[in-house]
Amino acid sequence: MRIPYYPGCTLNTKAKGFDRAARQSFAALGIELAELASWNCCGATFPLSRDNLLDLAGPVRNLVSAAAEGDKLAVACSTCFNVLKRSNLVMRNEEDKREKINFFIEADYAGQVEVVHLLEVLRDEVGWDTLAKAVKKDLSALAVAPYYGCMFLRPPREMGFDNHENPQILENFIRALGAQVADYPHRAECCGNYIAAFDLDTTQEMSYLILASARKASADLIVTSCPLCQFNLDRWQQDLAMKHGGFRPIPVLYDSQLLAIALGLDVTPFDLDRHYVDPRPVLAEKGLI
Amino acid sequence: MRIRLSAAKVHNDFIRKVEEMSGQDLLKCYQCGECSAGCPAAFAMDLLPNQVIRLLQLGEYDTVLQSKTIWLCAACQQCYTRCPKGVDLSRIMEVLRDLLMLEQGDKIVIEKLPAETLAEFPQQAFISGFRKYTA
C-alpha cells in the first residue's frame, strides 16, 4: 500500500529521526509513505484572523500537490496535521475563500483530499490487532505517558477524529505495542507552543506541569507527535530540575521512534542520541535497545 | 477596578473591527470563566482570558492592548473548546495582536534573538513564532 506523505519542515531538518522512524516502521508494516513530489512548509500555525487568506495559500498548495497523487495525505507532525486539515476544511466548506485562494495560487482545488495523521493510518488501515502481532520487542515493563498537546485534538469540531477531552488513539497505540499506559491529567494541555520564542519562563512552567504530572503517574517516558512539543518538553528539563527540587528528568520520544523500537528495527538512524534527556538508559534498562 | 461607561465607548469602531476580523460576537460571552479556568497560560497573564472579553464588551480596549495576556495566548484552543457559547477567544487574541503590531511594529525581531535560540529551536517554533509575533 502506498500513501502520499507530507513530512513538513521540522521533520526535514531538526526532527529527522522522527521522519526516518515513521518511514521505516510503516515500510515494515507494508505501507510506503510516498513523500509528495512538491511540498512547502504548512506555516506551522493556522491563521485565525478571518481576512488572512495569504497564510492559507501555503498549506493549500500542499493539498493541491497531494490531490495529484491520491485521495489521502498522511501527516506525521500533529501541528502540520492541524494546519493542513483545517485549511482543507476551508477549501471544502467556504466557497468565497476557496475561489480567492484558487485564483491566487492558480489551482482548482475543492478540499477533496482526506488529511490523516499517521496514528489514524495505524488505527484504520493497519489495525491495532495487526500492529500488536507485528511487535517484536517486549515492552511490557515500559510505562509510557501519551502526550497529545493542543494541535492534535483541537478544535474538535474540525479535527474530530477522537474525543477531545478523553482521547484514546495514543493510548490504544501504546497498548498495541505492548507497553503500559501512564494515565495522567495533563496529556492534552498546551506545552507553550511558539510562546517559547517570546517568553521562555512561561513556556518552561507550562511544560513543567505536564512533565511533573507524567512523572507522578510513574511514566518512564513520554511520547508525542509534535516536534515543537518534543522540544519544549525535552529541552528545559535540567533548568526545571534546578528550579523545582525533586523533579527527575523524563525522556520525550516521538511516537514513530517508539513504534520503530517495538518493531525491532535498528534504532541507529533515529537520532535517539540527539534528545536532550537521553532516552537510551531507560530503554536499555528495559532491554529494548 | 472602576470603569466609567459611555455609549460612545461601548459602541466604538475598533471593537467592531475586532469582531469582524475574528468572526466572533463579543456579547455572546456571559462571563462563566470556563476559558480562564482551562487556560494553561493563565498563571502568567495579567488579565485573565474572561477579563479580556469583559473589557472589550465595555469598550475598554486600551487596557487589553496594554496587557501581557494577548502575547501569552498560544492558540491552543482550550478556551474555545470548552466555551459553552462557542466564543473562539484565540481568534480575538490574534486580531488584537495583529492590529496592535500594524501600528507599533513587530513584537519579536529575528536579528535580535540570541544565537543559541537560533541554533537550537526547531524550525516550527520560528515559523509559528513569526506568524504570531510579527505583522
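The pLDDT is the predictor's confidence in each residue, on a scale from 0 to 100.

**Figure 1. Confidence of the predicted model.** The structure shown is a predicted model. Chain B has a mean pLDDT of 96, and 100% of the residues of chain B reach 70 or more. The scores for the model are ipTM 0.96 and pTM 0.97.

**Figure 2. Overall fold of chain A.** Chain A contains 13 helices and 8 strands. Along the principal axes, the C-alpha atoms of chain A occupy a box of roughly 55 × 45 × 30 Å. The radius of gyration of chain A is 19 Å, which agrees with the value near 19 Å for a compact globule of 289 residues.

**Figure 3. Interior of chain A.** Among the 289 residues of chain A, 54% count as buried. Of the contacts in chain A with a separation of 6 or more, 78% are made by residues 24 or more positions apart.

**Figure 4. Meeting of chain A and chain B.** Where the two chains touch, 35 residues of chain B are in contact with 36 residues of chain A. On the side of chain B that touches chain A, at least two residues each come from helix H2 (13–22), helix H6 (69–72), helix H7 (78–82), helix H8 (89–104) and helix H10 (123–133) of chain B.

Notes. Residues are numbered from 1 along each chain as its sequence is written. Chains are lettered from A and ligands numbered from 1 in the order in which they are written. This is a predicted model: local features need pLDDT of at least 70, side-chain atom pairs count only at pLDDT 80 or more; totals for chains, interfaces and linings use all residues. Two residues are in contact if their C-beta atoms, placed from the backbone, lie within 7 Å. Helices (H or I, at least four residues) and strands (E, at least two) are DSSP runs, numbered from the N terminus. The radius of gyration is taken over C-alpha atoms; the globule rule is 2.2 Å times the number of residues to the power 0.38. A residue is buried if 20 or more other C-beta atoms lie within 10 Å of its own, exposed if 12 or fewer, and partly exposed in between; C-beta atoms are placed from the backbone.
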